[in-house]
Amino acid sequence: MSKKKNLAPETISAQALGLFDRSTGGVSPSIHMATTFLRDANYALLHPDHSYSRDENPTFIAAERVLCELEHGEDAMLFSSGMAAATAVLQILKPGDHVVAPRVMYWGLRDWLQSFCKQWNIRLDLFDPTDPDSLAATVRKGETRLVWIETPCNPTWDVIDIAAAAEVARSIGAKLAVDSTAATPVLTRPLQHGADFVMHSATKYLSGHSDVLAGAVVTANHDEHWKKVRDARSHGGAVPGSLEAWLLQRSMRTLHLRVRKSCESAMAIATHFASHPGLKAVLYPGLQSHAGHEIAKRQMDGGFGGMLSLRVNGDAERALEVCGRFEVFARATSLGGVESLVEHRFSIEGPRSPVPPDLIRVSVGIEAVEDLIDDLEHALG
Ligand code: PLP
């Protein structure tokens, strides 16, 4: 962690905590491709922290330290993907435990959670993220071991009150883990609201250029649960490649600029289209009409995110027709890159999805907002 505790987060990420290359004086850290590290004649490691790349690698550490500092955590770990990061946290569960998660969340993780829990005799209950009382009514004292939340929830962007969820978890002796992929540490620091773990798909905003697959977990405490998560990574081997880890620390240098620009444009788009005749609703926590707006104002700092969804007047067919007309937005899955993307989530998630068929998810990049608004106007016809 940085010794200069009073530096602004923008400074920390722009300078990557001053992690320059001490051996050459290079102002950016070098990539360490080595998978194994030397021992001396007495069989002591030349560098006590580096033995084998499945445990740790100097290139991972650069990105981990910056993220740990931005999230105000005690320790951080990179993974090979967001899914690898999330599934490592879920290794703290054992057969017979109870876990709760929101009904609307990243569908890939929800799907995996359902089959993982079934296979390992872990009881799973999904709560309604739009109902502030639903979480407290779903947990079971002495049985629930982990509360998993995601906020804002992908792709409806419902907002969950992290401090309230932390209070519920603490009152029943459970841990709280937050998927903060959409919020990023620029907007929300879940550990400061009482969470135990914060997880990111670093594939999204942290790397920001749609060219790195990575994940990360930051912990509030260096405790036995964290040891389990670390063991899951070391034994399972879900570490990123050195190049990905290096690209990630490089991309985090512009994280604040990119996220702030996306937030500004997302707000402009949401406001512009809020009462568009071709839409039933614009789902964006920055709009006063959004049910989670007041919570978002409390826990999101300086913006409401770069993600929003549009519910078109009509059905899935109409949503797909609109998707087909975009010329500036690219049609692709994923989010958080510098280029704006649209996606029809229902087509991707399938008929069991709780996502409305009329919903188009929009990831707002850093292009000129006028071009994005024109393209949306054109697509909506
Ligand atoms: N969490 C959220 C909110 C996501 O949107 C995604 C992917 O879209 C993931 C987790 C999984 O991340 P990855 O694709 O890096 O495994």
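Guide: A crossing is called left-handed if the near helix is turned anticlockwise from the far one by less than a right angle, and right-handed if clockwise. Please keep in mind that this is a predicted model.

Visitor: Is the crossing of helix 2 and helix 9 left-handed or right-handed?
Guide: The axes of helix 2, residues 58-71, and helix 9, residues 242-252, come within 8 Å of each other and cross at roughly 30°. By the sense of turning, the crossing of helix 2 and helix 9 is left-handed.

Visitor: Which residue has a polar side-chain atom 2.7 Å from a nitrogen atom of the ligand?
Guide: The ligand is surrounded by 14 residues, with Gly82, Met83, Asp179, Ser201 and Thr203 the closest. A backbone N or O atom of Met83 lies 2.8 Å from an oxygen atom of the ligand, and a side-chain N or O atom of Asn154 is 3.1 Å from a ligand oxygen atom. The ligand nitrogen atom, in turn, has a polar side-chain atom at 2.7 Å that belongs to Asp179.

Visitor: What percentage of the ligand's accessible area does the protein cover?
Guide: On its own the ligand has 390 Å² of accessible area, and the part of this that the protein covers is 90%.

Key. Residues are numbered from 1 along each chain as its sequence is written. This is a predicted model: local features need pLDDT of at least 70, side-chain atom pairs count only at pLDDT 80 or more; totals for chains, interfaces and linings use all residues. Side-chain values use heavy atoms; hydrogens and water are left out. Axes are lines fitted to C-alpha atoms, for helices over the stretch in contact, and angles run from 0 to 180 degrees between N-to-C directions. Helices (H or I, at least four residues) and strands (E, at least two) are DSSP runs, numbered from the N terminus. A residue is near a molecule or strand if one of its heavy atoms lies within 4 Å of it. A polar contact is a pair of N or O atoms within 3.5 Å; within protein, one must be able to donate a hydrogen and the other to accept it, and residues adjacent in sequence count only if both atoms are side-chain atoms. Accessible areas come from the Shrake-Rupley method with a 1.4 Å probe; for residues, only the protein chains shown count as cover.
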